[in-house]
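The following exercises concern one protein model and its ligand. Please consult the sequence and the structure before reading each solution.

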Amino acid sequence: MTGAGFKFDNTYLQLPEIFYTKILPAPVPKPELVILNTPLATELGLDFSNTSLDKQAELFSGNQMPETAEPFAQAYAGHQFGHFTMLGDGRAIAWGEHITPTDKRFDLQFKGSGPTPYSRGGDGRAALGPMLREYIISEAMQALNIPTTRSLAVVNHGEQVYRDTSLPGAILTRVARSHIRVGTFQFAALKEDKETIQALLDYTIKRHYPEIKEEQNKALFLLKAVIEKQAELVTHWMRVGFIHGVMNTDNMALSGETIDYGPCAFMDTYDPGTVFSSIDHGGRYAYANQPAIAQWNLARLAETLLPLLDDDPDKAKVLAEEAIHSFGAIYKEKSLSMLRAKVGLIEEQPEDEKLITDLLDWMQQTDSDYTNTFKDLTNNLPPSGERYDSDTFKDWHARWQTRVAVNTQPLEASLDLMRANNPVVIPRNHKVEQALEAANSGDLQPFKDLIAALQEPYKNNPDLKPYQSPPKPDEKVCQTFCGT
Ligand code: AMP
Ligand code: MG
């Protein structure tokens, strides 16, 4: 197995022992490779062309890991829907950190590889559908140029898992810049000694923010850097209509990558209140709430850093509050600039915000499709179709044309900016569900076709048509499930 090119350097195991438990994946009887992400493997400097399919299945099921892997599960805590809980990797086991030929460091991690000391009564397993869902959406996010964990492989492990019903079980191999979460800091803070949180802070800085190393107040700089990264990330989500669905503090990565794809989904019809997750009864993680929730989660991170921000608790509190408060303005600026790009407004003009809000209001009032409206605005001047045959829209479009004419650059530059920021295809939920249903009954073709359709989401082509239509009423998926 060593021939594939794995190069492990497991620094996480140098953290205090409370942060992890060494543990092997539980063996599975009959692993079968469902998919290997060959382009990603190549990016990682891994080559499986001389590894038989059986051997690949043994590898990606955890039955036979590379000799240099040092499997472990991570401890963490977190606020789930606002309530603090002890958590940890209940069904995930890291292989270690792989170093790519260009010296990049990535965690490889199994999801669904059997119980760990953090399983809290769970079976440590995962069903095929949710693992393929993570594969589809994470790879779609990557193609959309949004920071994300990646999916390297999925195997069917040959045993059924029991949720509401019996389902085929699977294991996903996830690739991430790290799995350090806000919840990892919350876990460290529980120890109530400065050394533990300091160790995690230093480790995180070394791994993700090395430029901070020389700063005097490292905790403050880390907090500010993470605030910036998360504001950036959520802005991307809002741009493409992505709804994470479970923005618990344990599902927020310090690296700024989107992590933990559960009941996530993309919005079809534009409605800021959109919620898909079956467990999100109060709409806490609705589309439009995501920036505020990110800020809430960052406040939880700030709390863990208080002892390091200043020796004087009052001063530490002021520094934390100022930093968290700054999220509002940082996000607002990023959001406005993202929305400007979506409608091709190159320089800033005072009327921009109102122009954009009026479009969004019209979209909401007319149940317009979020993705397709921006696509239509980009492709046709003026957009054609019955939907656009209204005075309200025509007035808006005339205002837009006047505004775009003020840009010092030609119209084509606006359209290019719009094309780079408005995907023509997203993993629409009904398409995802259709692909997963087929996969559950043994037909992987719709899954593979969907993956292929999502490869270049900023380039239109006629083959994408079946993936671009919003769901018909009978295709609509109103709820998504965690599938844990
Ligand atoms: P998630 O909603 O996927 O972020 O999971 C929340 C927590 O529950 C994490 O600590 C998971 O590792 C754990 N968990 C989820 N599913 C299982 C399972 N089937 N068995 C054990 N732990 C699980
Ligand atoms: Mg999670």
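**Exercise 1.** How many residues lie between β4 and β5 in their hairpin, and which residue in the turn has a positive phi?

Solution. This is a predicted model, in which local features need pLDDT of at least 70, side-chain atom pairs count only at pLDDT 80 or more, and totals for chains, interfaces and linings use all residues. Residues are numbered from 1 along each chain as its sequence is written.
- Begin with the strands (DSSP runs of E, at least two residues, numbered from the N terminus): β4 covers residues 77-80 and β5 covers residues 83-86.
- They run antiparallel and are joined by four bridges; pairing requires at least two DSSP bridges.
- Gln80 has His83 in β5 as its bridge partner.
- The hairpin has two residues between its strands, and Phe81 in the turn has a positive phi of about 50°.

**Exercise 2.** Determine where ligand 1 lies relative to the domains.

Solution.
- The chain is divided into domain 1 (2-78 + 85-176), domain 2 (182-339) and domain 3 (343-421), with bounds from an automatic or database domain assignment.
- The C-alpha centres of domain 1 and domain 2 are 24 Å apart.
- Their contact (heavy atoms within 4.5 Å) takes 30 residues from domain 1 and 29 residues from domain 2.
- Ligand 1 lies between domain 1 and domain 2 because both give residues to the shell around ligand 1.

**Exercise 3.** Identify which side chains place polar atoms by ligand 1.

Solution. Polar contacts are pairs of N or O atoms within 3.5 Å.
- Arg120 has a polar side-chain atom 2.9 Å from an oxygen atom of ligand 1.
- In the side chain of Asp123, an N or O atom is 3.0 Å from a nitrogen atom of ligand 1.
- For Arg91, a polar side-chain atom lies 3.3 Å from a nitrogen atom of ligand 1.

Conventions:
Chains lettered and ligands numbered in written order. Heavy atoms only, no water. Polar contact = N/O pair within 3.5 Å; in protein donor to acceptor, adjacent residues only side chain to side chain.
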